[in-house]
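Here is a short report on one protein chain. Read it with the sequence and the 3D view open.

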Amino acid sequence: MKYLSLAPLGAVALALASVAPVHAQQKSVAVTAIVEHPALDSVRDGVQAALKDAGFETGKNLKWQYQSAQGNTGTAAQIARKFIGDKPDAIVAIATPSAQAVIAATKAVPVVFSAVTDPVAAKLVPSWEPSKGNVTGVSDLLALDKQMQLVKQVAPNAKRVGMVYNPGEANSVVVVKELQKLLPTLGMTLVEAAAPRSVDVSSAARSLVGKVDVIYTNTDNNVVSAYEALVKVGQDAKIPLVASDTDSVKRGAVAAYGINYRDLGEQTGRMVARILKGEKPGDIKPEVSTKMELFVNPGAAQKQGVQLSDALVKSAAQVIQ
């Protein structure tokens, strides 16, 4: 009996493996967010959609897992440790507290942050240049002068701008400091109200009644998680709310000139795909979302005691009815 040599077959198999596309191999991505709310959920969904467009599909060649920390930084740290133990090809950390938790726990697993206002101030990366480490990502940094121009369009006579925020969230502290410098140059002042937890948002907002002419909301995760409570105060006290994320306009803000968080997620997903295909995160420069959109809600404006000009409504990318 003659036996066939297996060596040539093995060589063929190796040759085939060498020409197979990298993304045909099974990859794993672990995604975490500090809390679930429409803006951050849109980021998550955008990441997954962009990965699919890049050839990485859940259930086929991509293992995808997602966990929310439900607003708890201790839980965020636990999720970070679990994900690092799973040794995925990349971790996506949505919002500053989750990104801080993951980056503090690993210098080896590739980490891509998203929906972080100032990654340098939050100590996620040393600068806006490639980190040369295991971290890169996409920021939702906004030009605050344009935000305040919108505030003046919504409430032309406003002198006192209220802001509810979590003093423990680096994103929000950066915005407060910038507004403290910017507003006086525009003839306005900032009035702050602290909400260390989501349940504090309503009482913090009520503390601003009689002290402010308009309330501006950044993407503070406590505030966005409890946005309806803020809307109720705005309606009851006839104080207009101007947001920095377009999803909040759908929930009752008068207007927002902000980032579309689905687009931000897709931008983040394209960055993750580059890493899955072999690029090193430390060689990829952190990015800022540049696609801004104006959303307005004339019905919310009426309930909060203001009327939007026809010009402002006509210039909006989307009018929420």
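Predicted model: local features only at pLDDT ≥ 70, side-chain atom pairs only at ≥ 80, totals over all residues.

## Overall architecture

The secondary structure comes to 13 helices and 13 strands. The C-alpha atoms fill a box of roughly 95 × 40 × 30 Å along the principal axes. The protein chain has 321 residues, and 53% of them count as buried.

The chain is divided into two domains. Domain 1 takes residues 27-141 and 261-290. Domain 2 takes residues 144-259 and 293-319. Over C-alpha atoms, the domain centres are 27 Å apart. Domain 1 brings 22 residues to the contact, and domain 2 brings 11 residues.

The size of an interface is often given as the accessible area lost when the parts come together. Here domain 1 and domain 2 bury about 1300 Å² between them. Carbon and sulfur atoms carry 59% of that area. On the domain 1 side, His37, Thr117 and Tyr261 lose the most area to domain 2. Together these three make up 38% of what that side buries.

Polar contacts do cross the interface of domain 1 and domain 2: four residue pairs are found, with both residues at pLDDT 80 or more.

Several elements of domain 1 give two or more residues to the side that touches domain 2. They are helix H2 (38-53), helix H4 (96-105), strand S4 (111-116) and helix H11 (261-276). H2 gives the most, with four residues. By type, the residues on this side of domain 1 divide into 14 nonpolar, six polar and two charged.

## Salt bridges

Side chains of opposite charge can pair when their charged atoms come close. The count in this model comes to 18 salt bridges.

Asp200 pairs with Arg197, with the closest N and O atoms 2.9 Å apart. Asp200 has a relative accessible area of 15%, so it is buried. Arg197 is at 52% and is therefore exposed. The cut-offs behind these labels are under 20% for buried and over 50% for exposed.

Arg251 forms a salt bridge with Glu228, and the closest N and O atoms are 3.0 Å apart. Arg251 lies in the loop between helix H10 (247-250) and strand S10 (255-259), while Glu228 lies in helix H9 (residues 227-237), so the pair ties together parts that are 23 residues apart in sequence. Arg251 counts as buried because its relative accessibility is 17%. Glu228 is partly exposed, with a relative accessible area of 44%. Glu279 and Arg274 also meet through their side chains, at 3.0 Å from N to O. Glu279 is partly exposed, at 35% relative accessible area. Arg274 is partly exposed too, at 32%.

## Ser68 in strand S2

Is Ser68 buried or exposed? Its relative accessibility is 13%, so Ser68 counts as buried. Ser68 lies in strand S2, which covers residues 62-68. A polar atom of its side chain is 3.0 Å from the backbone nitrogen of Gln70.

Residues up to four places away in sequence are set aside for the contacts of Ser68. Ser68 then touches Ala33, Ile34, Val35, Glu36 and Ile79.

## Val120 in a loop

Where is Val120 found? Val120 is in the loop between S4 and strand S5 (135-139). S4 is also among the elements that give two or more residues to the side of domain 1 touching domain 2. Val120 counts as partly exposed because its relative accessibility is 27%. Leaving aside neighbours within four places in sequence, Val120 is in contact with Val125, Pro126, Ser127 and Trp128.

Technical notes: Residues numbered from 1 in each chain as written. Heavy atoms only, no water. Buried < 20%, exposed > 50% of the residue type's maximum accessible area, 1.4 Å probe, protein only. Polar contact = N/O pair within 3.5 Å; in protein donor to acceptor, adjacent residues only side chain to side chain. Contact = heavy atoms within 4.5 Å. Domains from an automatic or database assignment. Buried area = accessible area lost by both parts, 1.4 Å probe. Nonpolar A, V, L, I, M, F, W, Y, C, P; charged D, E, K, R; others polar. Salt bridge = Lys/Arg side-chain N within 4 Å of Asp/Glu carboxyl O.
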